[in-house]
Amino acid sequence: MIGTRLDDIDAPRLIRSEYGWWFIGNQTWTLLRPECVGPDGTIDDETTGVLGRFGAFRPRTPASFSLTVLTTTTCNLGCGYCFQNTGVDDTGGARPPRIRRAWLDSDTIDRVIAFTRDRMRQAEMDRLYLLLFGGEPLLNPRGCLTLLDQARAIGLDQCAMTTNGVLLSPRLAGELYAAGLTGVQVTFDGSRADHDQIRVKRSGAPTFDTILRNVARATEVTGLNWNLRVNVSHHNFDRIGELVGELAAGLNPDRCTVTFAWVGDAGFGYRNTMRHIDMVSDAFASWSIAALEAGFRMARPSMRTTCHICSVPGGRYGAVVNADGRLFSCWQSAGKPGFEVGSIDDGYLDAASVPERWVRCGYEYDQPEPALADAFQDRVDGRLLDYLYTSGRL
C-alpha cells in the first residue's frame, strides 16, 4: 500500500514449479510448459510472442501522481525496531527517542497543495494518489481531514493511510471515509501474545485487542479496504500461525488483504536474526495459504518492481513531504536529519548534488541479504502460485 508502481522500468519474473514455469509479467500470471523454457532460463521465441500479444511485456506509465504526506512525526507507540527511532530507551522501556517533532498545520497544507498542483502540471497528470503517513497520522486528525478536503481540488483519485489503528474510532473512520480515504494499512506483530510484547504504547500497554476492535468497528460503518501487514521476526516467528485464527475470529475477511513482511534491521539496537531462508520461506507460504483458506485476500505475486516515488531522482512522478514542508526521496528517510532533498517552497535540490540523500525503498533495511532476497521471494511466490493453480483460485 506504500506508493504506486512504475512498471516501465520493471522486469518480469520466471519461477520454476513442479508443473513447469511460472511467468509473472505485467498483470500476467502464466504457467508455461517445461519445454517452453531453455536450460538457461530463456523463454522460446514462440512463447515470447504469445506473451507479448497478451500484453505481458507492455510498458506501463504511471496513471497518477503519488504523494506521501506525514501529518506528524510523533507516535503514540514505542516499537523498538521503528526506522524513525534515533536511539534506544536507556531505561529499558518503550520510549525510544525519535526523529524531530513536526506537525502539519493549515498553512503547510495550503503550500503542499500548491506544490503538488505544480508538480502534477509538470508531469502532465490530472489524477492524484495520496498516502497519509507519520509518525502516527491520526495524532493529527484535523490535518488528515483538511488535506483530504483540499486534495479533491487537484484531482484526488485514491487515498490510503498507514496507521497503527489505536486511535481509529468508528466516528473518525467514517469522517475520513466520507472525505475520500479508501484504504488503510495496519500492522500486527504476530499473535496476540507476541504482538502485545512488541507493538506497545509508550506506556508499555498492549494494543492487539484495541487495533482488532477498531478495524472491526470501522469496517461496519465504512467501505474501507484493509491491508493487514504482519511483521515477522525471530521474536514472533514460532506463533505467527496462531494469528490467522485470531484475525478471522475478530474480523470480516472479505475486505482484508493479509501481507506477511520480513522485519528489517531498521531500529537502533535491533537485529532480526532469522536466517534459515528455506524454513522461513516455507512458513511464509504456509501462512499465506492459511489466510486464503480463512477467507482473507492475498496480493498475487508481482513483477520485480521499483517505487513510483523514489525510483526517479527529482520527484518526477511523486513526492514525500514531511509535516514541516521539507521534501524527502522516500518514506523511509522522511524526517531524518541530513536526508532532505528540497522543500515545497523552493522545490527539489539538484539530485546530482545530493546523491547520498536520495534514498530508495529498502535502504539499509531489507532482510534477508540481497543475494538471498530474490531466491526467498521466488520460493514463497512459487508455492503460493502452485496453490492458487491447484485450488482453482488463479
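Phe57 is partly exposed in this predicted model, because its relative accessibility of 37% falls between the 20% and 50% limits of that class. Phe23 is buried, with a relative accessible area of 2%, so it falls under the 20% limit for buried residues.

Across the whole structure, a search finds 15 aromatic pairs. Phe23 and Phe57 form one of them, with edge-to-face geometry. This pair links distant parts of the chain, 34 residues apart: Phe23 belongs to strand E2, whereas Phe57 lies in the loop between H1 and strand E4 (65-70). Phe115 and Tyr348 form another aromatic pair, which is tilted. Phe115 is part of helix H2 (residues 106-122) and Tyr348 is part of strand E13 (residues 347-348), so this pair ties together parts that are 233 residues apart in sequence. Phe115 and Tyr348 are both buried. A pair of aromatic rings is described by the distance of the centres and the angle of the planes, and the table gives these values.

| Aromatic pair | Centre to centre | Angle between planes | Class |
|---|---|---|---|
| Phe23 and Phe57 | 5.5 Å | 70 degrees | edge-to-face |
| Phe115 and Tyr348 | 6.3 Å | 50 degrees | tilted |

Aromatic residues also occur as a group: one aromatic cluster is formed by Phe237, Phe260, Trp262, Phe284, Trp287 and Phe376.

Strand E2, which holds Phe23, belongs to an open sheet of three strands, ordered E1-E2-E3 with antiparallel pairing. Strand E1 (13-17) and strand E3 (28-32) are the edge strands, each pairing on one side only. From one strand to the next, the twist averages 20 degrees. E1 and strand E2 (residues 20-25) run antiparallel and are joined by five bridges. Opposite Phe23 in E2 stands Leu14.

Two helices complete the account. Helix H1 (residues 45-53) contains Thr47. Thr47 counts as buried because its relative accessibility is 11%. Apart from neighbours within four places in sequence, Thr47 is in contact with Leu32 and Cys36. Helix H7 (residues 240-250) has the buried residues Ile240, Leu243, Val244, Glu246 and Leu247. The elements that cover the buried residues of H7 include the strands E7 (183-188), E8 (225-232) and E9 (256-262), together with the helices H5 (192-198), H6 (208-221) and H8 (277-293).

Note on methods
Residues are numbered from 1 along each chain as its sequence is written. This is a predicted model: local features need pLDDT of at least 70, side-chain atom pairs count only at pLDDT 80 or more; totals for chains, interfaces and linings use all residues. Side-chain values use heavy atoms; hydrogens and water are left out. Helices (H or I, at least four residues) and strands (E, at least two) are DSSP runs, numbered from the N terminus. Buried means under 20% relative accessible area, exposed over 50%, partly exposed in between (1.4 Å probe, protein chains only). Contact means heavy atoms within 4.5 Å. Two strands pair if DSSP finds at least two bridges between them. Axes are lines fitted to C-alpha atoms, for helices over the stretch in contact, and angles run from 0 to 180 degrees between N-to-C directions. Rings of Phe, Tyr and Trp (its six-membered ring) pair if their centres lie within 6.5 Å; planes under 30 degrees apart count as stacked, over 60 as edge-to-face and the rest as tilted.
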